[in-house]
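Please look over the two-chain model shown here before reading on.

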Amino acid sequence: MNVKNFMELRIPSKSQNEAFARVATAAFASQLDPTIEELADIKTAVSEAVTNSIIHGYEDCEGIIIIKCRMDEHGVEIEVRDEGKGIEDVEQARQPLYTSKPELERSGMGFTVMETFMDEVEVHSEKGKGTVVIMRKKFASLAKGQGVSGNEG
Amino acid sequence: MDLTAKVTGNILICRVKGELDHHTAEEFRDFVDRGLENNPVKHLILDLTHLSFMDSSGIGVLIGRFKKVNLRGGKVAVVNENKQVSRVFEVSGIYDIIKSYSSISKAVNDL
């Protein structure tokens with residue numbers, strides 16, 4: 001990845017930071033002139049990843065969530081990292097409708113939403129150490145040629 | 001999040017303004033459940049015209065309300081959801097159980 005710009009956010013795992021995290025990430029990504037729909041996709045995917053860290057990673061205790069966003073000539077790569085309890089079985093967690101917390105009315109659709117709204121989703125997790133979700137999305141406006149060159153023709 | 005409710009016949013109509021995520025899901029759930037418990041209603045219509053954002057936390061809480069309304073033999077309808085919300089609905093398959101309408105009057109007539 002030929003990183004042209006990046007940002008990093010550190011937030012405590014409070015639910016009121018979910019909206020801030022998704023809006024801040026979308027605001028950063030908007031430099032690349034994505035469509036309104038692409039921005040909405042990023043907001044939704046970030047919201048899912050951050051919510052997972054809060055509910056599952058840190059459960060009832062508070063920890064730090066780190067959100068990194070890198071951009072290149074094609075689009076963005078977003079990393080959401082926690083140092084929470086980790087996921088024992090990532091494959092199972094990624095299954096649609098699977099939730100470890102049905103009593104909280106969780107839909108079990110978080111990873112499915114991330115996978116649908118982003119081009120690529122990687123999940124790395126280690127029990128007791130934490131979880132990292134890396135999501136990539138290319139923007140249609142950057143698909144032609146080699147990116148933001150300015151003048152056309 | 002800004003929530004208002006009114007009762008029309010045996011239908012509870014809730015207007016939802018703001019964003020529905022994990023942070024606001026509990027407020028939404030408590031508000032709708034109070035409306036369902038305190039009024040002799042069968043059906044639930046959610047006016048989503050001013051819901052600007054929803055993620056899968058919203059799906060969980062909507063399915064929970066669907067189960068409650070379904071138990072009393074009623075239906076849940078949504079009205080005028082935006083494109084982002086609609087995409088989350090599609091991915092989760094919620095349109096199989098909750099029908100969408102372009103206006104409250106259309107939803108009322110169909111329930």
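Two strands are said to pair if DSSP finds at least two bridges between them, and helices (H or I, at least four residues) and strands (E, at least two) are themselves DSSP runs, numbered from the N terminus. This is a predicted model, in which local features need pLDDT of at least 70 and side-chain atom pairs count only at pLDDT 80 or more, while totals for chains, interfaces and linings use all residues. Residues are numbered from 1 along each chain as its sequence is written, and chains are lettered from A and ligands numbered from 1 in the order in which they are written.

| Pairing | Sense | Bridges | Residues standing opposite |
|---|---|---|---|
| β3(B) (residues 43-47) and β5(B) | parallel | 4 bridges | B:Ile45 and B:Ala77 |
| β5(B) and β6(B) (residues 99-101) | parallel | 3 bridges | B:Val78 and B:Ser100 |

Strand β5 (residues 76-79) of chain B is covered on both faces, with B:Val76 and B:Val78 buried on one side and B:Ala77 and B:Val79 buried on the other; here a residue is buried if 20 or more other C-beta atoms, placed from the backbone, lie within 10 Å of its own, exposed if 12 or fewer, and partly exposed in between. Together with helix α3 (residues 83-92) of chain B and β6(B), β5(B) makes a right-handed β-α-β unit, where right-handed says that, with the strands pointing away from the viewer, the path from the first strand over the helix to the second runs clockwise.

A nonpolar core is a set of buried Ala, Val, Leu, Ile, Met, Phe, Trp, Tyr and Cys residues joined through C-beta atoms within 7 Å. The largest one has 62 residues, and those with the most contacts inside it include A:Val46, A:Met114, B:Ile45 and B:Val79. Helix α2 (residues 36-57) of chain A gives the most to this core, with 9 residues.

Where chain A meets chain B, the contact takes 21 residues from chain A and 18 residues from chain B, two residues being in contact if their C-beta atoms, placed from the backbone, lie within 7 Å. The largest share of chain A's side, 9 residues, comes from α2(A).

Why does B:Ser57 count as buried? B:Ser57, found in helix α2 (residues 56-71) of chain B, counts as buried because there are 29 C-beta neighbours inside 10 Å. Leaving aside residues up to four places away in sequence, B:Ser57 touches A:Thr51, B:Asp21, B:His22 and B:Ala25.
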